Amino acid sequence: MVQVHGSAIERVSVIDDDPGSRELYSLYVEELSMQALRENGPFTSVEACVERVLGAAHAAISDFKLKVKTYASFNGAELVASLYDKKLPSILCTRFEFADLDEIRPYRQRIPALLRPDELDVDTIAHAFESCALEFRNEFVQTRKPWKTLIRIEDIHADPGREAAVDVCLPSWNRNVMVKLQRSELPEWMHAKLVADAHFYAVVNIGAERPEDLYFSKWSES
Amino acid sequence: MVDVVSTQTKTTLRFATAILRRLGEELNPTMDQGVLELVKNSYDADALSCMVSLRNVDQAGGTLEIVDDGIGMVPDDIVDGWLVLGASEKELQTVTALGRIPTGSKGLGRLACLRMGERVELVTRPNKRPTEQFGLELVWKQFDQADTVEQVPLVIAHQKRSPKATQGTRIAVHDLKRPVTRPEVERLARAMILLSDPFGTKTHGFRSVLDAPEFKDLSALVEKRYFEQADYHVHATASAGEASVGIVDWRGKELHSADHKTVARKRKGTLYEAPDFEFDLWVFLLSAESFSTKTAKLPDVRAWLKQFGGVHIYENDLRVPPYGNPGNDWLELNVLRARSPEERPSTNTSIGRVRFEGKPKCLVQKTDRSGYIESTAFTEVKALLQDVLDWTARIRLQEAEKHRGTERGAAPKTTRKSKKKLDDALKQVPPKARAQVEEAIEAFEKARDKEVDTLKREVQLYRSLSTAGITAATFAHESAGNQIKALTMALKLIESKGKRELADRYETTLQQPVSIARRYTESLPVLGSATLRLLEGAKRRVGRVDVHDALLSVLALLQPFIAGREITVETKFAKGAPYLNGTEAAIESILSNLLTNSMSALERGGTKERKIEIRTALHPGKIILEVLDNGPGIEGLEPSEIWLPGYTTKVGGTGLGLTIVRDATRDLGGEVAVEERGELGGATLRIELPILGA
């Protein structure tokens, strides 16, 4: 059984719209001698799901795409971020495409553990729950530690019929990699100032290794 | 009893002289902002004109002078007004004799402007005391030497006025600390021109003039008023939270209108918590076609819009900066236009004005004059205007669609009409030659019909392929996502449980089948991922494309399929990093279709030791891309036919791959060529593209 700072995680809710995947997540959980609660849904709201999980489990594992069928009216990123607010250790597990990142990024600060299926094993699950619990006490693992960082706008994407987006560069993280952010993720006061080469500050976890692990918050003028 | 003697020391709060710098210079960082504050003081003093002059300012030590014909100041006005910094706005709400509402200057901008020099000279001739004038001098060095502001005594000199001297105020800032640059003068000129709503038809009786050539040029430009050349004009009003909007054409005739319910449909008709205002936007279609029927010239209108375009805000007939300044797109016109270029204006194609009558109490300007505080009221003004713009775009798009539909419907009718004309003309041809001409026309019609048929087939094929792409992208996740995820997790579980339960025996029993299953599982998501990557919107944006990078990225995307067919791909790229102006999607279309073509040929020919080579060579101004393979070469088709749509020797093939290569190459301004049997034995397809550099 996974112990997180003295408290045992005994029950883990498993949220996935595919019954086969739910079963497999449950087998992993049971490998760690914890009880898996297979959440069969459907969930009409993220609040209802959070209430259900909080009332029954000490932790949760959720898939990202929950809305494809009629299982839920929200995606896994929204759910895990809401559980984070309630200080419940949670993992978002998904085989995401780049397009999915647009939907995940706004919640990324409140998703301490984002794992791909091939990264999932008993060790990574235990470690993920631990790092969640650490963050609830305001302690961050290196890859999640927030730093005030200078950010440069590289390019603006405004494709017809699509939500506008910007490519940003974080010189103190990796000057060769551009990170795409949806304009709607950025505070409104920035919108009229989004031009190539504009500089801003944001709080970012620049210890992250992969672009998909970066989160952005507290934007301010440079 | 003991007597208690109480003593008192009277004192006041005092300010270090450094506060002058902080309050003035740091809160009003630009020269034009400071000067504008002084011009606004003139407006508040009921001046009809205000002249700003700059003398010898191309180097430090010059002079800035502001002269107006306002009501001037008596000593009490100077003491209790002009010299008071940070006055409350409440005191400034009284309407002036000319009915103006004071702009509410707090004096900080004035301070910034005055501190631009070493010495300030104020001379004012009040209308209340027609025989007197008053003077005051501020020498900043005295403040720098003192510890507190109060330590520097200021003296207002009372003088007799010459009978010829009329009322007004003159402020001269001497010994400017630094030169004034040309861009600063241009910015000031623009700000002064826009200050008192030069676009309205109303005369407001205040004119501020900058004595500089830049101002004359811009004044002449602004006077041109190209409003009547606009293609359409949007007029909207907000009244007690309700919006209404109309679109009128260039003659002022109403084309469309909408009430609050329609404009506010996104917010289900709830009222806007915005003050009352009027909004006008003049939109120009800056194309040669649109200007062919207009009296103004396209470059003139373009220059005018470049200088004054954007949506400006006027409060009480005076402009509120920075809305509508270059680079300030507060209504996000440009972003919205980029998303829907057809029927949306940008700051370069439109000019507009939001006009608040009087001074709305719920809108408060920031102390540093960088616009309004982002209050609910201001956000709601923006929301209303954006809803108005959305409605306008919807209406314009509906119109454009209708127009396109009419054009499509009208085409056969037009053809019939033309045919009748031709027949009538033929009757005029002498009978002897007529038969010959008729024969030629018939041949031409047959050829044209064939071409139309080909185009129709091509369009249908493109539509089918687009549908296939859309379907693949939409269902990529469902078709394989869950299955792949479940297989990956199951295999990892089998592996970890197997290792634990079987210990050493795992290696000899389960390891091999598990690793084979894992390898196949890893190759499964490739098609879905590749389809989604090919459809990424950013790839269709025109911009700089690094050709080698784009080629390598296509190759990486298709690598799993190439490896699956046991094909070795070799790249032989020229030295350098060639780049062109185009879309990554075009390069992707070219190479992916060429590779798919080679892969099909290798499969068709049953070639062993399958090879594809991708070569690039650089020549002045162009890159030559060659894709060679050791397949059977071109069989069953003429080399020129391989580029035609629908021509294929592959069973079930679309015959469109190489047509797309040809079209994408032409889009990039290049040419295609083919060698039936090239250096490797199979076909060599050659693409020549113009480049910008390498």
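How many bridges join strand E3 (residues 11-15) of chain A to E4(A), and do they run parallel or antiparallel?

Analyst: Before anything else, keep in mind that this is a predicted model. In chain A, strand E3 (residues 11-15) is joined to E4(A) by 5 bridges, and the two run parallel.

Strands of a sheet pair through backbone hydrogen bonds, either parallel or antiparallel. Here 5 strands of chain A make an open sheet, the order is E4-E3-E5-E6-E7, and the pairing is parallel. Strand E4 (35-39) and strand E7 (114-115) of chain A are the edge strands, so each of them pairs on one side only. That puts E3(A) between E4(A) and E5(A) in the order.

Over to chain B, which has 19 helices and 21 strands. Of its 694 residues, 33% count as buried. Take the contacts in chain B between residues at least 6 apart in sequence: 72% of them join residues at least 24 apart.

One helix there deserves a stop. H6(B) covers residues 182-195, and at 1.5 Å a residue its 14 residues should span 20 Å; the end C-alpha atoms are 20 Å apart, so the expectation and the model agree. Buried residues in H6(B) include B:Val185, B:Leu188, B:Ala191, B:Met192 and B:Leu195.

H6(B) also has a packing partner. Helix H2 (residues 31-44) of chain B packs with H6(B) at an angle of about 35 degrees, the axes being 9 Å apart, and the crossing is right-handed. On the H2(B) side, the contact is made by B:Met31, B:Asp32, B:Val35, B:Leu36 and B:Val39, while H6(B) brings B:Glu184, B:Arg187, B:Leu188, B:Ala191, B:Met192 and B:Leu195. Sorted by class, that contact has 8 nonpolar, no polar and 3 charged residues. B:Leu188, B:Ala191, B:Met192 and B:Leu195 take part in the contact, and they are buried too.

B:Val155 counts as exposed because it has 8 C-beta neighbours inside 10 Å, and the cut-off for exposed is 12 or fewer. B:Val155 and B:Leu136 are 19 residues apart in sequence, yet in space they are 6.3 Å apart, C-alpha to C-alpha.

Terms used
Residues are numbered from 1 along each chain as its sequence is written. Chains are lettered from A and ligands numbered from 1 in the order in which they are written. This is a predicted model: local features need pLDDT of at least 70, side-chain atom pairs count only at pLDDT 80 or more; totals for chains, interfaces and linings use all residues. Helices (H or I, at least four residues) and strands (E, at least two) are DSSP runs, numbered from the N terminus. The expected span of a helix is 1.5 Å times one less than its number of residues. A residue is buried if 20 or more other C-beta atoms lie within 10 Å of its own, exposed if 12 or fewer, and partly exposed in between; C-beta atoms are placed from the backbone. Axes are lines fitted to C-alpha atoms, for helices over the stretch in contact, and angles run from 0 to 180 degrees between N-to-C directions. A crossing is left-handed if the near helix is turned anticlockwise from the far one by less than a right angle, and right-handed if clockwise. Two residues are in contact if their C-beta atoms, placed from the backbone, lie within 7 Å. Ala, Val, Leu, Ile, Met, Phe, Trp, Tyr, Cys and Pro count as nonpolar, Asp, Glu, Lys and Arg as charged, and the others, Gly among them, as polar.
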